[in-house]
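Welcome, and please open the model in your viewer. We will go from stop to stop, with something to select at each one.

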Amino acid sequence: MERQEALTIVKKQLTEHRYQHTIGVMETAIKLAEQYGADVKKAELAAIFHDYAKYRPKEEMKRIILEQNMPNDLLSYNAELWHAPVGAYLVKTEVGIEDEDILNAIRYHTSGRANMTLLEKIIYLADYIEPGRIFPGVDEVRDLAKHDLNKALTKALQNTIQFLLKKDQPIYPDTIHTYNSLIMEVK
Ligand code: GDP
Ligand code: FE
Ligand code: FE
Ligand code: FE
């Protein structure tokens, strides 16, 4: 699928703000893919569709999680986590993208998982550092991303977990698994 067709499809699913974020993720993911030797075309499509399900009603996402036998524990955690696995499913069934590398990059873009693929890491990181993001610590992760993908990702996970801890929020097990897997890989 070409970029323009993909963008036209996803634009209908998003707010203008989220669409601009998506463009930022796309541009960042392409640069990271070129820099770290990932498939640039897959990075582009995964980035374009990563937030495809972001504005689906909670009830619809909940139904899909149950009907498609996705990890049930998702339902006891923050609903913010749901759009990633549900997005992978809808991008396959509604948009017709079958590539499992792309679908996994969408599926794990919010929590990550242990032993992420290069493409999964790139989409997670691009989502975190795209130019529109302005939270504390993001510049440090941007700098790390220029030289070391794993160090940048480790810092992003540390920041995310710290942020959740400060807000007294539960931490989804895959988020912890991502951090553990990275910290053991980096050493
Ligand atoms: P976005 O869709 O571009 O806004 O970004 P993400 O998909 O990466 O994240 C959506 C939200 O999920 C963010 O507000 C994160 O703080 C939140 N989030 C990520 N991991 C976890 C987790 O382990 N537990 C909880 N409760 N929230 C998380
Ligand atoms: Fe997201
Ligand atoms: Fe993210
Ligand atoms: Fe996003």
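At a metal site, donors are N, O and S atoms within 2.8 Å of the metal (3.2 Å for Na, K and Ca); water is not among the atoms, so sites may look incomplete. Before the first stop, note that this is a predicted model, in which local features need pLDDT of at least 70, side-chain atom pairs count only at pLDDT 80 or more, and totals for chains, interfaces and linings use all residues. Residues are numbered from 1 along each chain as its sequence is written, chains are lettered from A and ligands numbered from 1 in the order in which they are written, and side-chain values use heavy atoms, with hydrogens and water left out.

**Stop 1: the iron ions**

Select the iron ion (ligand 4) and the iron ion (ligand 2). They are 3.6 Å apart, and Asp51 coordinates both.

Now show the side chains around the iron ion (ligand 4). Its protein donors are His21 (NE2), His50 (NE2), Asp51 (OD) and Asp127 (OD), at 2.2 to 2.3 Å. Along the chain, these donors follow the spacing H-x28-H-D-x75-D. Helices (H or I, at least four residues) and strands (E, at least two) are DSSP runs, numbered from the N terminus. His50 sits in the loop between α3 and α4 while Asp127 belongs to helix α7, so this pair ties together parts that are 77 residues apart in sequence.

Are His50 and Asp127 buried or exposed? Buried means under 20% relative accessible area, exposed over 50%, and partly exposed in between (1.4 Å probe, protein chains only). His50 counts as buried because its relative accessibility is 0%. Asp127 is buried too, with a relative accessible area of 10%.

Move to the iron ion (ligand 2). Asp51 (OD), His83 (NE2) and His109 (NE2) coordinate this ion at 2.1 Å. Two of these residues link distant parts of the chain: Asp51 is in the loop between α3 (40-49) and α4 (58-67), and His109 is in the loop between α6 (100-107) and α7 (118-129), 58 residues apart. Both Asp51 and His109 are buried. Next, select the iron ion (ligand 3), which is 5.6 Å from the iron ion (ligand 2).

**Stop 2: Thr22**

Select Thr22, in helix α2. Thr22 is buried, with a relative accessible area of 1%. Contact here means heavy atoms within 4.5 Å.

**Stop 3: the nonpolar core**

A nonpolar core is a set of buried Ala, Val, Leu, Ile, Met, Phe, Trp, Tyr and Cys residues joined through side-chain atoms within 4.5 Å. The largest one has 58 residues, and Phe49, Val86, Val91 and Leu125 have the most contacts inside it. Pick Phe49 to look around: not counting residues up to four places away in sequence, its contacts include Met1, Ile9, Val91 and Ile106.

**Stop 4: two pockets**

On a 1 Å grid over the protein atoms alone, a cavity is a set of points where a 1.4 Å probe fits but cannot get out, and a pocket is an open set with protein on both sides within 12 Å along at least five of seven lines; lining residues have an atom within 4 Å of a point. Grid points are joined across faces, edges and corners, and a volume is the space filled by probe spheres set on the points.

The largest pocket has a volume of about 1100 Å³. Select Tyr128, Arg133, Phe135, Thr160 and Phe163, which lie nearest its centre among 34 lining residues. Helix α9 gives the largest share of this lining, six residues.

The second largest pocket holds about 250 Å³ of space. Its lining includes Glu27, Lys31, Pro131 and Arg142. Which element gives the largest share of this lining? That is α2, with five residues.

**Stop 5: two loop residues**

Finish with Asn69, in the loop between α4 and α5 (83-95), and Asp168, in the loop between α9 and α10 (173-186). Most residues other than glycine have a negative phi. Asn69 has a positive phi, near 55°, and Asp168 has a positive phi of about 55°. Asn69 is exposed, at 67% relative accessible area, and Asp168 counts as exposed at 71%.
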